[in-house]
Amino acid sequence: MTDAVFRELVAAAAHPYRPCGRHAWHFAKGKLAGDPVFRHLLSHPLLPARGCLLDLGCGQGVLTALLRAAADRHAGGGWPAEWPVPPSALATRGVELSPKRVRIARTALGGEAVIQGDIRDTDLPRSDAIVILDVLLYLHRDEQAAVLARCAEALNPSGVLILREADADGGLPFRITRWAERIACAARGRWRQPLTYRPAAEWSELLSSLGFATEALPMSQGTPFANTLFIARQSKASVQICPSLHDSAGVSIPSTMKPQPTADTVQNS
């Protein structure tokens, strides 16, 4: 995936956020360009070509925006031959707790692109892919397990769960991750927000206990953080941990889901 083409995709994905104000627009550009997980999702054939993708704790919906931009570019004939074909008929449904982020997402992406809800109790429709990026750290341990169990129930048999969380065994990069998150919580006026981290091996064990075969990959390239990406598919097969784990310092259609009652837990993209 060439840098020039990816920059063009980021610009196209961020463009719908311009009517939402400079902060939302710059956040979309910075998040998509600076977070390696988004480039990874486009450069590897992880997402299904069709079906339903559920983005839990989606923030202002930047993953949906990126998948739309990728599908548009592919349809226009400007997609590099060496890249995997982006999802062409994948309906994306976002769930976000913050009313402000929901308003931004709906303004940029359409009125029903994202619903307001708490991922702990919002109904999860049958899905072919579920994405949870840097969200479960805001929940208590039993809540984390319960959400993942609900995801396992919602996934179709061939579905994929894509989860990213910080690795609590990540040494200095993890400490930097934790400090950065504390600062972000304080900036949002939630300096007492509880944060719950697990070692990467423990996340893998939890996913395995729910019947997932899991691959774990470092996902902090170009950043000082200690994040791990878990690619989990429903199977009783054994967990696979990437040897380099600790070496690292779609067109979407509107959702018809209805908002559910929320609780006071912060989620972000």
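This is a predicted model: local features need pLDDT of at least 70, side-chain atom pairs count only at pLDDT 80 or more; totals for chains, interfaces and linings use all residues.
Where is the place of Asp35? It is in the loop between α2 and α3.

1. **Overall picture.** The protein has eight helices and eight strands. It holds 269 residues, and buried residues make up 53% of them. Its accessible surface comes to about 11700 Å², with 55% of that belonging to carbon and sulfur atoms.

2. Please keep the confidence values in mind as you look around. The mean pLDDT of the protein is 88, and 87% of its residues reach 70 or more. Over residues 237-269, however, the pLDDT is below 50. That stretch still has 120 contacts in the model, beyond near neighbours in sequence.

3. **Helix α2, its length.** This helix runs over residues 22-34, which gives it 13 residues. At 1.5 Å a residue it should span 18 Å, and its end C-alpha atoms are 17 Å apart, which agrees.

4. The buried residues here are Ala24, Trp25, Ala28, Lys31 and Leu32. Seen down the axis of α2, these buried residues fall within an arc of 140°, so they line one face of the helix. You will find a lysine, Lys31, in that buried group. On the other side of α2, Arg22, His23 and Ala33 are exposed.

5. **What covers α2.** Several elements lie over its buried residues, and the cover includes helices α1 (3-14), α3 (36-43), α4 (62-75) and α5 (99-109). The strand β5 (155-166) is also part of that cover.

6. **Back to Asp35.** Is Asp35 buried or exposed? Its relative accessible area is 9%, under the 20% cut-off, so Asp35 is buried. Leaving out residues up to four places away in sequence, Asp35 touches Gly30, Asp134 and Arg164.

7. **Asp134, a partner of Asp35.** Asp134, which Asp35 touches, is found in the loop between β4 (127-133) and α6 (141-154). Asp134 is buried too, with a relative accessible area of 14%. The backbone deserves a glance as well: Asp134 has a positive phi of about 55° although it is not a glycine.

8. **Helix α3.** The buried residues are Pro36, Val37, Phe38, His40, Leu41 and Leu42.

9. **Ala113.** Which residues does Ala113 touch, not counting those up to four places away in sequence? They are Arg68, Thr92, Arg93 and Gly94. Ala113 lies in the loop between α5 and β3 (114-116), and at 6% relative accessibility Ala113 counts as buried. Gly94 is 19 residues apart from Ala113 along the chain, yet their C-alpha atoms are separated by 6.4 Å.

10. **Cysteines.** A disulfide is a covalent bond between the sulfur atoms of two cysteines. How many disulfides does a search of the whole structure find? The search finds zero. Cys20 counts as partly exposed, at 22% relative accessibility, whereas Cys151 is buried, with a relative accessible area of 0%.

Methods. Residues are numbered from 1 along each chain as its sequence is written. Side-chain values use heavy atoms; hydrogens and water are left out. A disulfide is a pair of cysteine sulfur atoms within 2.5 Å. Buried means under 20% relative accessible area, exposed over 50%, partly exposed in between (1.4 Å probe, protein chains only). Helices (H or I, at least four residues) and strands (E, at least two) are DSSP runs, numbered from the N terminus. Accessible areas come from the Shrake-Rupley method with a 1.4 Å probe; for residues, only the protein chains shown count as cover. The expected span of a helix is 1.5 Å times one less than its number of residues. The arc is that of the directions from the helix axis to the C-beta atoms. Contact means heavy atoms within 4.5 Å. pLDDT is the predictor's confidence in each residue, from 0 to 100.
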